[in-house]
Amino acid sequence: MKLKHVLLVLSAALSFNAYAQAPIVIKFSHVVATDTPKGQAAERFKQLAEKATNGRVKVEVYPNSQLYKDKEELEALQLGAVQMLAPSLAKFGPLGVKEFEAFDLPYIFPSKTALYNVTEGEIGKGLMKKLEPKGITGLAFWDNGFKVMSANKPLRAPADFKGLKMRIQSSKVLDAQMRALGANPQVLAFSEVYQALQTGVVDGTENPPSNMYTQKMHEVQKYVTVSNHGYLGYAVIVNKKFWDGLPADIRTALDKAMKEATTFEKAIAQRDNDLALEAIKKTGKTEIYTLSVKEQAEWRKALLPVQQSMESRIGKDLISAINKEAAK
Ligand code: LMR
């Protein structure tokens, strides 16, 4: 063979090799800080996935709304601009999957065990199935925790909420919850909350302490009430076409990596939130108040009717199935 031919064959082999080895890229976008339960689990998934696939998959994590804000990220996933997200369960309504808002119902989960009975069981599976017609595959439920309320005035009784502008996620259940307290709910993207609180666009908000602390919301909120009135968790989701198109061995490896990342996430969520609450307390800038048993009873009285008033949106059967599972 002439030298020219040898070189041609060699360069073809090299470029084929380069093509064969080009990693599959998973862009994983999310809206919270890296040092939150979700942020850390996304990083853990990246490590596990890249190791398990010997580098055939590269996971690029984009935290803190760096790429997209709440609503945009769901659109980007459907369009295939990103491959993986973990939006909070309160953000699936605009996608047309209203049932996910069941997780926002006040006092629906008396404990984490009750929550896991739902997410790890048939109800969780059924909810994930509802994403498929939207071009989305659900891989796992990730946990954050029970929410606290915050404002620049003490929030002890439902009457304290009267007239307050409260930032909520885009969930009609959360809208109903704030109205039941006499507040004016306002939907804002997570990335806009700090500034909205600082400038007085809204007076208060709700979130688990880990989100509050890592976004420095406590710097602009004088009072935090540990009310545990509602839950915040996530669904880790992928673009279905992308997922189905992966080589089977890669998908199996990623599934396993996701299972391990999920175990990790659930193990750190509670501890991180406890630490965040402690850290907020330590700043000395925000007063943390835990509701007494009597006050809790008043909150329940004001908020429990939301479960019933949202039946037509969420589905009566789903709400009673969750309540039944949660009571086990
Ligand atoms: C929020 O928007 O308040 C949270 O859902 C953010 C998050 O993803 O935890």
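This is a predicted model: local features need pLDDT of at least 70, side-chain atom pairs count only at pLDDT 80 or more; totals for chains, interfaces and linings use all residues.

Residues are numbered from 1 along each chain as its sequence is written, and side-chain values use heavy atoms, with hydrogens and water left out.

**Entry 1, cavities.** I worked on a 1 Å grid over the protein atoms alone: a cavity is a set of points where a 1.4 Å probe fits but cannot get out, and lining residues have an atom within 4 Å of a point. Points are joined across faces, edges and corners, and a volume is the space filled by probe spheres set on them. I got four cavities of 30 Å³ or more.

I looked up its lining and found Leu 89, Leu 115, Tyr 116, Thr 119, Glu 120, Phe 141, Trp 142, Asp 143, Tyr 231 and Lys 266. By class I have six nonpolar, one polar and three charged residues there. Helix 4 (112-119) and strand 4 (136-146) each give at least two residues to this lining; helices (H or I, at least four residues) and strands (E, at least two) are DSSP runs, numbered from the N terminus.

Where does the ligand sit? I find it in the largest cavity, going by more than half of its atoms lying within 2 Å of the grid points. Around the ligand (a heavy atom within 4 Å) I noted residues including Val 31, Phe 190, Asn 207 and Tyr 234. That shell splits into five nonpolar, four polar and three charged.

Next I checked polar contacts (N or O pairs within 3.5 Å). Polar side-chain atoms lie 2.7 Å from a ligand oxygen for Lys 38, 2.7 Å for Lys 91 and 2.6 Å for Gln 169. The protein covers 100% of the 270 Å² of accessible area that the ligand has on its own (Shrake-Rupley, 1.4 Å probe).

A pocket is an open set with protein on both sides within 12 Å along at least five of seven lines. I see 19 lining residues, with Lys 125, Met 128, Gly 138, Leu 139 and Ala 140 nearest its centre. Helix 5 (122-129), strand 4 and helix 10 (248-283) give two or more residues each. My class tally reads six nonpolar, seven polar and six charged.

Terms used
Ala, Val, Leu, Ile, Met, Phe, Trp, Tyr, Cys and Pro count as nonpolar, Asp, Glu, Lys and Arg as charged, and the others, Gly among them, as polar. A polar contact is a pair of N or O atoms within 3.5 Å; within protein, one must be able to donate a hydrogen and the other to accept it, and residues adjacent in sequence count only if both atoms are side-chain atoms.
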